[in-house]
Amino acid sequence: MVIKKHATLTTTLLKQWQSGGLLSDLLLPLSWITRLVVRVKNTLYGLGLKKTHRLPVPVIVVGNIFVGGTGKTPFVLALIEALRERGWQPGIVSRGYGVEIGPEPRYGSGSDASARLLGDEPALLAQAAPIAVHPDRTRAARCLLQHFPDTTVIIADDGLQHLALGRDIEIAIQDSRGTGNGRLLPAGPLREPASRLNRIDYLVTNSPAELSPQNPPAHATQPQNAAARPRQVSMQLQPTRFIHLASGNTIAPESWRAQHQRARIAAVAGIGHPPRFFTTLEQAGIVVRQTLAFPDHHAYTQAELHAIDADLILMTAKDAAKCRDMQDDRLWALEVAPRFSDGDFFDDIAEKLKSLPVY
């Protein structure tokens, strides 16, 4: 009964974060406190009373103002690949959610990066580029440069609000929820006022797959200040391949669907916005009989996956980073890659990096 009531309250709050309501109205005074905290922090950094740390290489911050998942991880993976193709050697810094980092930053790259030590998202990103994690992004960045000195550009994953780390380019990712009801936490879903989007360099909208990437959702946020409007681009997440966790074998989505069309399939997601993953499967023609949404960064156990009554279990690549050692032949991960509406988008970022006066 307690769990059911909690789930009902959460569902109600999430709905009101989009369109408003009595519960959101009751929480509004607390959101004024959030606004005050944000304003004070920005003022302290603006006046130089709190120090912003510059690094010897350029920094690109990728983040959002909407709490929860908007599609940052697949975007960062695409950004890493695009920068490398243009002659840069990217490295990543991250908070390392889901694990206790301790006083010293942790770092890793490739097969030596584990979700248990770094967190699920960092372990996934580390397969593409070296990473260092710590709540203090500046300490993480210095650790990254110490252990991976060939790094020529740093991508700060989910670092938009971490003003202590100096940055040269800011990219915000939003999805079809836009800025919801426009209110700050806890009355709304925003970490910062929507006006923050007027001061970024690029705004990327993660559009539903049924829409054309040239036409973002009508209710996606558009910055209000036309003079300061960032360059905008739409992206869609497209399934690329399924990976069998036990064997490492990969298969194209069309072939996987044909081979397993009679199987009883369950889907699990421990990400910021699980419905997006379930919708992606549906749009890929995968018939899922059971969906299970877990909290973001959920630490799966062998027992809870074993208890799922299904022939096959599908999960995101982020979830798979924590489940690769589980002995369960039913586990498959779906990898996705973004498709962008603006073909010159990454060229523009690379040119901006080259034009920086320090580098």
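1. The largest cavity has a volume of about 60 Å³, and a search of the whole structure turns up 1 cavity of 30 Å³ or more. Here a cavity is a set of points, on a 1 Å grid over the protein atoms alone, where a 1.4 Å probe fits but cannot get out; points are joined across faces, edges and corners, and the volume is the space filled by probe spheres set on them.

2. Housekeeping: this is a predicted model, with local features needing pLDDT of at least 70, side-chain atom pairs counting only at pLDDT 80 or more, and totals for chains, interfaces and linings using all residues. Residues are numbered from 1 along each chain as its sequence is written, and side-chain values use heavy atoms, leaving out hydrogens and water.

3. Who lines the largest cavity? Among them are Asn64, Phe66, Gln174, Leu197 and Leu203 (lining means an atom within 4 Å of a point). Strand S6 (residues 169–175) gives the most, with 3 residues; strands are DSSP runs of E, at least two residues, numbered from the N terminus.

4. The lining splits into 6 nonpolar, 5 polar and no charged residues. Nonpolar covers Ala, Val, Leu, Ile, Met, Phe, Trp, Tyr, Cys and Pro; Asp, Glu, Lys and Arg are charged, and the others, Gly among them, polar.

5. Now for S8 (residues 231–244): 5 bridges join S7 (residues 202–206) to S8, running parallel, with Thr205 partnered by Ser234. Pairing takes at least two DSSP bridges. S13 (residues 331–340) runs antiparallel to S8 through 9 bridges, and Leu237 stands opposite Pro338.

6. S8 and S9 make a hairpin with 5 residues between them, where Gly248 in the turn has a positive phi of about 85°.

Key:
Helices (H or I, at least four residues) and strands (E, at least two) are DSSP runs, numbered from the N terminus. On a 1 Å grid over the protein atoms alone, a cavity is a set of points where a 1.4 Å probe fits but cannot get out, and a pocket is an open set with protein on both sides within 12 Å along at least five of seven lines; lining residues have an atom within 4 Å of a point.
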